[in-house]
Amino acid sequence: MDGTEYIEKCPICGNETLHTWINEEDLNYFGKINIFTSLCYTCGFRHVDVIFLENRGHVKITFVASGEEDLKVRVIRSSNASIYVDEIGVSIEPVMDGESFVSNVEGLLFRILGIMKQLLRDADDNARSLIYEKMKKIARMRHGKDKLTIIIDDPTGNSAILSEKAVIEYHENKNRNI
Ligand SMILES: [Zn+2]
């Protein structure tokens with residue numbers, strides 16, 4: 001990786017072996033972003049953080065993915081963003097999964113699948129069969145067979161879906177109106 005690198009104390013194992021790389025990228029319409037990728041050489045702890053250098057305020061992004069090509073569309077999610085997938089009624093909230101990620105639509109579906117597996121643990125029989133149904137639907141989506149609507153709500157404006165088909169709404173930050 002290019003860009004700036006620094007080393008600090010790992011929050012998990014405490015060793016001074018947490019390497020962080022800062023990469024700047026120009027997303028054209030969305031402006032420039034910094035991606036912070038951290039990896040601890042001792043315990044393997046990984047962390048990603050994203051900062052948009054231009055303050056956009058509260059944004060809501062809606063993207064309808066249909067077909068295999070749309071699975072490759074990049075998705076950048078900050079640690080403060082909620083993601084909702086309409087067709088399966090699943091949301092990722094910052095309290096559940098507060099990690100930033102830079103991925104694509106397929107990677108997002110894979111991540112949702114991981115969350116669904118965790119939900120199986122405390123589910124009763126009814127809830128479990130409902131989760132299985134959703135998992136099957138996600139599998140079809142990952143082959144580009146079913147369309148999916150992704151909605152990202154980010155009060156900090158540090159998220160994006162990089163497609164011309166994505167619809168972006170800008171909201172004034174609440175604290176600006178007071
Ligand atoms: Zn560590």
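How many helices and strands are there in the chain? There are three helices and twelve strands, where helices (H or I, at least four residues) and strands (E, at least two) are DSSP runs, numbered from the N terminus. This is a predicted model, in which local features need pLDDT of at least 70 and side-chain atom pairs count only at pLDDT 80 or more, while totals for chains, interfaces and linings use all residues. Residues are numbered from 1 along each chain as its sequence is written.

The C-alpha trace spans about 45 × 40 × 40 Å along its principal axes. Of the 178 residues in the chain, 21% are buried; a residue is buried if 20 or more other C-beta atoms lie within 10 Å of its own, exposed if 12 or fewer, and partly exposed in between, with C-beta atoms placed from the backbone.

The chain is divided into domain 1 (1-54) and domain 2 (55-177), with bounds that come from an automatic or database domain assignment. Their centres, taken over C-alpha atoms, are 22 Å apart. Nine residues from domain 1 and 13 residues from domain 2 form the contact; two residues are in contact if their C-beta atoms, placed from the backbone, lie within 7 Å. On the domain 1 side, strand β4 (residues 46-52) gives the most, with five residues.

The largest nonpolar core has 26 residues. Such a core is a set of buried Ala, Val, Leu, Ile, Met, Phe, Trp, Tyr and Cys residues joined through C-beta atoms within 7 Å. Ile150 and Ile161 have the most contacts inside this core. Elements that each supply at least two residues include β4, α1 (105-120), α2 and β10 (148-154). Both domain 1 and domain 2 give residues to the core, so it lies between them.

Two neighbours in the sequence can be set side by side.

| Residue | In contact with |
|---|---|
| Ile150 | Phe63, Ala65, Ile83, Val85, Val105, Leu108, Ile161 |
| Ile151 | Lys60, Thr62, Tyr84, Asp86 |

Ile151 is found in strand β10. Ile151 is partly exposed, with 17 other C-beta atoms within 10 Å. The C-alpha atoms of Ile151 and Ser91 are separated by 9.1 Å, although these residues are 60 residues apart along the chain.

Helix α2 (residues 125-142) has 18 residues and reaches 26 Å from its first C-alpha to its last, close to the expected 26 Å. The expected span is 1.5 Å times one less than the number of residues. Gly144, with a positive phi near 75 degrees, follows α2.

Conventions: Lists of a residue's contacts leave out its neighbours within four places in sequence.
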